[in-house]
Every structure is written in structure tokens, then in C-alpha cells.
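Work through these exercises with the model open beside you. Try each task before you read its solution.

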Amino acid sequence: MKRGVYEQLAPILFGSGTVVQVGDKAKELGMTKVLVVTDKGIAAVGHPKKVVDSLKAAGIECKVWAEATGDCPTESVRAGSAVAREFGADGIVGIGGGSSLDTAKAIASIAANTDEILEQIPVYLSGQKSYPNAPLKSICIPTTAGTGSECTRVAVLNDEKLDMKIGLPAFPSLGIVDPELTVGSPASLTAFCGMDAFAHANECLASKLRTPHSELLGYEAIRLITKWLPVACADTKNLEARENLSLASNLAGISFSEGDIHLGHVIAHELGHKYNIPHGLGGAVATPAIIEFVALEYPETTKKIGDAMGLDLTGVTDAAVGREVADAVREMMLEINIPTLEEKGIQYYQVMEMLPAVMNHPLAASYDGTFTEDQVKRILEQTYYWKSKSSNQ
Ligand SMILES: [Fe+2]
């Protein structure tokens, strides 16, 4: 059994309707002037208004900045940090999907310091340098169930200079997980986000830093997602399904914040950075291939994943367990209409060209084992052709 420190980065307020408590929670954290960070789509739905109303009722001055964009370019963090400084914000509340929350967390780190930090993200990520000033207090409120950004220690930013997606250290002070905010979000978005959470849990189970605690959360997240993701995709207004998926996303987020993610997310980051593939879709299409790869080294873990998914693996050999579990994931992905990369206009060679970047990405080293170029090549092939069953094509 792995050794490790159990920890949970940020306290979480969980439950339907809890968003209205944000004003009181911000006050408890000592916030007096809050920049609310979100994106235009979420602003149009009206969720940030609930935050503003609650903050105002608690006597907190606030300003809404709805300019967060997908994939979190560093430019967006610079722009938001400038607004936060100009407003004199002493707190940040992010509300939205993963990009809005990561942007909010990054603004909390950068606004309290200088933009130069964004020029040397790897130095801060590796711990060689730490922030001169403590980040602003921040509250993250997800409107999707997938990223777990409300409880993770980095904001994943698109760094044009480094030509990669990379994590800026960014620690939320509190997460408010209100499943009602996810009710009615479209089936495709629900599917991508749910598979993102599945990928977090799955990858973390074979990460170097996993602990018995992260494993417990990972298996439970997989159980909940397998049971409830198809339900939520079929009936986007089903609150019970939404509550279970929000919980799964949060548990998977805590799990991989304590452990880590690896090759599947390297592929997702590269697909997002190079070809604008949505993060959740990128992680989804890689997941069956990652399961088959990991099963070669960790058949017992893969069996437990299958158990969590409700599969009967009696009599299935170690050699076959990866294929069995991966095929079950493929079936779920078909049911929730996850497209292939080909259907998204990506060519086979474009994915195979990612091989050196995937091999050399720092996150790949989080896998608790070795991998060869041939194995990663095979993972990329299977990622592209994820609808093809069997690992022996
Ligand atoms: Fe992810």
C-alpha cells in the first residue's frame, strides 16, 4: 500500500442551494472588495447575479469581470489581475466552468504579486520560488461537474511562450459546490465534464503521489460517474444525477490534488493547446487507452476500477482485465455520445505528431511506472481510434 499525506486543500461547502451563502463566507474570510470572475456565457445564464446579490447583502463591495475565456491564456490572467488591482480587490470569487475558476485562482495569485510570475511559471510550479506576497483569498463556485478546480492546487494556463498548458500554483480558500448550478447544462458539456472527472480519478489511481485516501475517493468518483453520468446526459434536469456528479467531480478533484494526473491529461492538454479540443473531450478520448496501458502494470487496480463500475470480472485474467474495463468505458462513452477526434476534424497524423511533446511533458512523469515511445505511440493510436474495441488491433 502506498504511503502519503492525507490532505484536503480547501474546505468545501457542498449542497444544492448553497451558492446563496457566498456573501457570508466571503465575509468570514475577511473580504471587503471582491472581483467576481466569470465568463460571458455564465453571465448570460445569470449565475453571477446570485453571487453579487449575496455579496451585497453581506455588505461586500463587488465588481463583475466576465472576460474569462476557454483554456485560460496567460493574457487573460494579466488582464483580470489589472482589473483586480485597479478595483482594489481583497478577494476573488470565481463562478463558472474550469476555465473561469482557473482564471479566478490565477488572478488571486497574480493580482497580489506581479505579472512577471507569469513569465516563469515552471519555477513556481516546481517550488524553486514561492510568491513574495500571499495570494488574495478566493472562493471557487463550479457550474459544471468535472474539473474539480475548486479543490486543486494549480490553475492550468495556456502558456503561449512555453507552447504548452502548465499549472500555476493557485490555492482556493473555499469551494462552494452547489449542484443546482449545473442543472440543465447541455448533454454534451455534461458528458465532457463528467469524463474529465472520470479521467482525474482513473489517472490518479496510478500516480506516484497517490495515497490510500486519494484511492478511496478515486474509486468512489468512478462508481458515481458510471452510475449517474448517463442519467444526467439523458435527462439534463435530473437533480439527483447532478448532485451525485458534483460530488464525484469534487471527490476526484481532491483525489488528484493529493495524488496527481499523468499521461491522459498530458494528451488532453496537448489536444487543447494545439487543436482547441475541449479539455474534457481530450481526457475522455484518451481514457480507454490509458486504462489498457495502466492495466499492464497494475491489473489489481484496474480490477478495482471495474468493480467500482459494477462489472463482473470473475474469471477475467490479469492480461485481459485492461481490455474488459476499457471496453466498458468505451460503451459508456458511446452511450453519452462522446465523439472521436476524427469527427472533430482532427487528422490521425496530427495526433501522432504529439508523440515527442507527450513523452517530454513534465506531467507524464507523474505516472508511477515507466513508459516507452512505442507504448505512448500505441496510446495515441488508441486515443484517435477510441471507438475501436480491443487492445490487439
Ligand atoms: Fe482535467
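**Exercise 1. Decide how covered helix α10 is, and check its length.**

Step 1: α10 is mostly covered, with twelve of its 13 residues buried. Buried means under 20% relative accessible area, exposed over 50%, and partly exposed in between (1.4 Å probe, protein chains only). Helices (H or I, at least four residues) and strands (E, at least two) are DSSP runs, numbered from the N terminus. The model is predicted: local features need pLDDT of at least 70, side-chain atom pairs count only at pLDDT 80 or more, and totals for chains, interfaces and linings use all residues. Residues are numbered from 1 along each chain as its sequence is written, and side-chain values use heavy atoms, without hydrogens and water.

Step 2: Name some of the buried residues. Among them are His265, His269, Glu270, Leu271 and Tyr275.

Step 3: Check the length. The expected span is 1.5 Å times one less than the number of residues. For the 13 residues of α10 (residues 263-275) that gives 18 Å, and the end C-alpha atoms are 18 Å apart, so the two agree.

Step 4: Look just past the helix. Asn276 takes a positive phi of about 55° there.

**Exercise 2. Classify the ring pair of Phe293 and Tyr367.**

Step 1: Apply the rule. Rings of Phe, Tyr and Trp (its six-membered ring) pair if their centres lie within 6.5 Å; planes under 30 degrees apart are stacked, over 60 edge-to-face, and the rest tilted. The count comes to six aromatic pairs.

Step 2: Phe293 and Tyr367 are 5.1 Å apart, centre to centre, with 50° between the planes, a tilted pair.

Step 3: Locate both. Phe293 is in helix α11 (residues 279-297), and Tyr367 is in the loop between α15 (355-360) and α16 (373-384), 74 residues apart.

Step 4: Check burial. Phe293 has a relative accessible area of 6%, Tyr367 of 0%; Phe293 is buried, and Tyr367 is buried.
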